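Please give a short briefing on the structure below.

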Amino acid sequence: MKRKSLGALIFFLMIFVVSQAYAADVRERASKTFKPIPESAPAIKGNPATVIKVELGKMLYFDPRLSSSALISCNTCHNVGMGGMDYQETSTGHGWQKGPRNAPTVLNSVFNIAQFWDGRAKDLMEQAKGPVQASVEMNSTPERVIKTLKSMPEYIRIFKKAFPVEKEPVTFDNMAKAIEVFEATLLTSDSRFDKYLKGDKNALSKTETEGLGLFMDKGCSICHGGVNMGGQGYYPFGVVERPGAEILQGDKGRFKVTQVKSDEYVFKAPSLRNIAITPPYFHSGKVWNLKDAVTIMGSAQLGIQLTDSEADKIVSFLRTTTGVQPKVEYPVLPAPTADTPRPKLD
């Protein structure tokens, strides 16, 4: 009996040692592959942030009068209370039109190499101008936006404070600059995964650690590494096996921007931060279940069939990337005047 007990003890000790060694290896590799989300907004080249500029950006972000219908704001499609997205396959815009692609989350988007699924906007400032002018989205024009803003004395006053050295501070570019610095503050630091990356080895459970190991071992982290776990490169959707037409929806991705044949069905790798709270998935928004999305990526991008257990473990890891959501107090917006353009609904 004593020998059997001793043997069992040695066996369990060996398992423990191996398990600890595996966990330490995963932590070491993860620290080289990922970085935690910082707690404060990064500096934006050419657009320094000030308290008043960020506050102005917040007001503009929530103001639906930037749209011609006065119904749609930035927050409509990128709701900061819902993970920075709108819980739609594709967003509903002006006149109930449906946009062509799923709205990516605005949270942590400042860390992306570019904006939109096809990277057509080089930064958040350029991105902020796009939806305002898109007929399927906010359906406005720079001229209408400026007329709207200048019709309200409170906006003129705040623009002057936010851009004090400019003779004409109320411009379309400055609107976008203000929105950019506000969006840069929408960070989700302090997730359990971030705590793990900062040295808390107990922040992840055994199953979640195994999921992280699989995420790296299977090759997921090649496209979804760094601080934002993605957003840093463009890749074909279907490296090994192209997904079905119901997922692709005939969208050729970056090809529409570059007109280069090799860019057909190429998309910017999305951030996987907060992925558990931002369904549906992919540019088409046709996949609502995270496990299904993980399985599809395994076959399409890596040419492997993940087992149920492997997919479950990867999903359990991905859930740990949900950070503390930004708490944004809804701003009180300037009152309209007789000169403020009336809503245009057609």
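In this predicted model, L60 is in contact (heavy atoms within 4.5 Å) with L66, L149, Y155, F159, M175, A178 and I179, leaving aside its neighbours within four places in sequence. L60 also belongs to the largest nonpolar core, which has 36 residues; L56, L60 and M175 touch the most other members.

**Cores**
- A nonpolar core is a set of buried Ala, Val, Leu, Ile, Met, Phe, Trp, Tyr and Cys residues joined through side-chain atoms within 4.5 Å.
- Buried means under 20% relative accessible area, exposed means over 50%, and partly exposed lies in between (1.4 Å probe, protein chains only).
- Another core, of 34 residues, lies apart from the largest one; F193, F267, L272 and Y281 are among its members.

**Cysteines**
- A disulfide is a covalent bond between the sulfur atoms of two cysteines; here the rule is a pair of cysteine sulfur atoms within 2.5 Å.
- By this rule there are 0 disulfides.
- C220 is in no disulfide, and its nearest cysteine sulfur, that of C223, is 8.9 Å away.
- C220 counts as buried because its relative accessibility is 17%, whereas C223, at 23%, counts as partly exposed.

**Overall fold**
- The protein chain has 13 helices and 2 strands; these are DSSP runs (helices H or I, at least four residues; strands E, at least two), numbered from the N terminus.
- Of the 346 residues in the chain, 49% are buried.
- Among contacts between residues at least 6 apart in sequence, 72% join residues at least 24 apart.
- The C-alpha atoms fill a box of roughly 95 × 45 × 30 Å along the principal axes.

**Confidence and conventions**
- The chain averages a pLDDT (the predictor's confidence in each residue, from 0 to 100) of 94, and 94% of the residues score at least 70.
- Where pLDDT is low, the predicted coordinates should not be read in detail.
- Residues are numbered from 1 along each chain as its sequence is written, and side-chain values use heavy atoms, leaving out hydrogens and water.
- Local features need pLDDT of at least 70 and side-chain atom pairs count only at pLDDT 80 or more, while totals for chains, interfaces and linings use all residues.
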